[in-house]
Amino acid sequence: MTPVLNPTLLIDRFGRTVDYLRISITDRCDFRCVYCMAEEMTFLPRAHVLSLEEIESLAQAFVELGVKKIRITGGEPLVRKGALELLTQIGHLDGLEELVITTNGSQLETMAPALKAAQVKRINISLDTLDADKFKAITRTGDLSQVLRGIQAAKAEGFDRIKLNAVILKGRNHLEVNELVQFAVDNEIDISFIEEMPLGVVEQHDRADAYYSSAAIKADLEPHFTLIRTLEKTGGPSNYFNVVGTKTRVGFISPHSDNFCSTCNRVRLTVEGRLLLCLGNEHSVDLKAVLREHPGDMALLKQAIIDAMLIKPEKHEFNINEQPVILRYMNMTGG
Ligand code: SAM
Ligand code: SF4
């Protein structure tokens, strides 16, 4: 007998089930990281950005369609007014198993307790360097000590897991990978290294020259740490290694050197309400238009999401030597 599939589940043409949604709730940020934004950015007018109520309706529709995990990101999600209320609403959606957030850490010192209360389970915090001057140079406006205090505040709340994200660029912070892992070990948290993706036009470096592969990072770490591959996955594209004798796992997100598309289970909602089926392609569906043209019609919204699965591409098309491949910046789509 042929098994009857639940028609509400989100399954694409390649048989992949989508159960993970990332939502960028703002394109704005208090930092201007060199790999993410241009120095002078024009942000979207308010009318183009999804309202908090629209985001909540969309989150509910996705959860009713089988999404189990939602990551709130940005821009810097915690600078959006009303972010905590939104997180609280989403965190209480029936059927959602995990609400997680990616942040630059600048607001965590004050907001960590409220995030815990809002049912946020795990936090990813971006940290590319432990050198205050380099931190300022990479983020253009950030203050390392503020982020370090934010990390301690998050630790004090006892989230299920805290993970650092570090984008490694040759010539900028590639000599710091051991120090960053030691910091994670000392703090009993995880760390993932990310290969830079060619999203948007950046002025300060040539992305092909700055490319530093996951394999190179791993080779740098191996004389100092014993890394054992774990098959554990967190629903994301990281490949994880346990650092033997510690509580820390080191992850590698390698869009260039280790294509992870065959197991892709996620889609992204941009700050403008475009459902993006793949970070490395332009295939998208305008869910804001559906919401605004048919307010309150949950059935229509859900059908638009189900239909969108038909255009999820098989794989991303990043090519580090041909920048910019994708013209949107990471802050629009969320990392
Ligand atoms: N502002 C928050 C933060 O920095 O964590 C959340 C949004 S940020 C866009 C999410 C993640 O994307 C960060 O870890 C950041 O380092 C990463 N990111 C930004 N631009 C990137 C790029 N061009 N390639 C790879 N990762 C990038
Ligand atoms: Fe802001 Fe995060 Fe982009 Fe840095 S990576 S500019 S913190 S959105």
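Trainee: In this predicted model, which residue of S6 does Ala166 stand opposite?

Mentor: The strands to consider are S5 (residues 161–167) and S6, which run parallel and are joined by 5 bridges. Within S6, the residue opposite Ala166 is Phe193.

Trainee: Through which helix does the chain cross from S5 to S6, and what is the handedness of the crossover?

Mentor: The path from S5 to S6 is a β-α-β crossover. The helix on that path is H6 (residues 177–186), and the crossover is right-handed.

Trainee: Which residue of S9 stands opposite Ile191?

Mentor: S6 also pairs with strand S9 (residues 249–253), in the parallel sense and over 4 bridges. In S9, the residue opposite Ile191 is Val250.

Trainee: How many residues of strand S4 are buried?

Mentor: Strand S4 covers residues 120–126, a run of 7 residues. The strand is described as mostly covered, and its buried residues number 5.

Trainee: What is the bridge partner of Thr102 in S4?

Mentor: Strand S3 (residues 98–103) is joined to S4 by 5 bridges, and the two run parallel. S3, helix H3 (residues 108–117) and S4 together make a right-handed β-α-β unit. The partner of Thr102 in S4 is Asn124.

Trainee: Which residue of S5 is the bridge partner of Ile125?

Mentor: S4 and S5 run parallel, with 5 bridges joining them. In S5, the partner of Ile125 is Leu164.

Trainee: Turning to the ligand, how many charged residues does the shell around ligand 2 have?

Mentor: The residues around ligand 2 are Cys29, Phe31, Arg32, Cys33, Cys36, Met37, Gly75 and Asn104. By class, 5 are nonpolar and 2 are polar. The number of charged residues in this shell is 1.

Trainee: How many of the residues lining the largest pocket are charged?

Mentor: The largest pocket holds about 280 Å³ of space. Its lining consists of Ile25, Thr26, Asp27, Arg28, Leu44, Pro45, Arg46, Val49, Leu50, Val79, Arg80 and Lys81. The lining has 6 nonpolar residues and 1 polar residue, and the number of charged residues is 5.

Key
Residues are numbered from 1 along each chain as its sequence is written. Chains are lettered from A and ligands numbered from 1 in the order in which they are written. This is a predicted model: local features need pLDDT of at least 70, side-chain atom pairs count only at pLDDT 80 or more; totals for chains, interfaces and linings use all residues. Side-chain values use heavy atoms; hydrogens and water are left out. A residue is near a molecule or strand if one of its heavy atoms lies within 4 Å of it. Ala, Val, Leu, Ile, Met, Phe, Trp, Tyr, Cys and Pro count as nonpolar, Asp, Glu, Lys and Arg as charged, and the others, Gly among them, as polar. On a 1 Å grid over the protein atoms alone, a cavity is a set of points where a 1.4 Å probe fits but cannot get out, and a pocket is an open set with protein on both sides within 12 Å along at least five of seven lines; lining residues have an atom within 4 Å of a point. Grid points are joined across faces, edges and corners, and a volume is the space filled by probe spheres set on the points. Two strands pair if DSSP finds at least two bridges between them. A crossover is right-handed if, with the strands pointing away from the viewer, the path from the first strand over the helix to the second runs clockwise. Buried means under 20% relative accessible area, exposed over 50%, partly exposed in between (1.4 Å probe, protein chains only).
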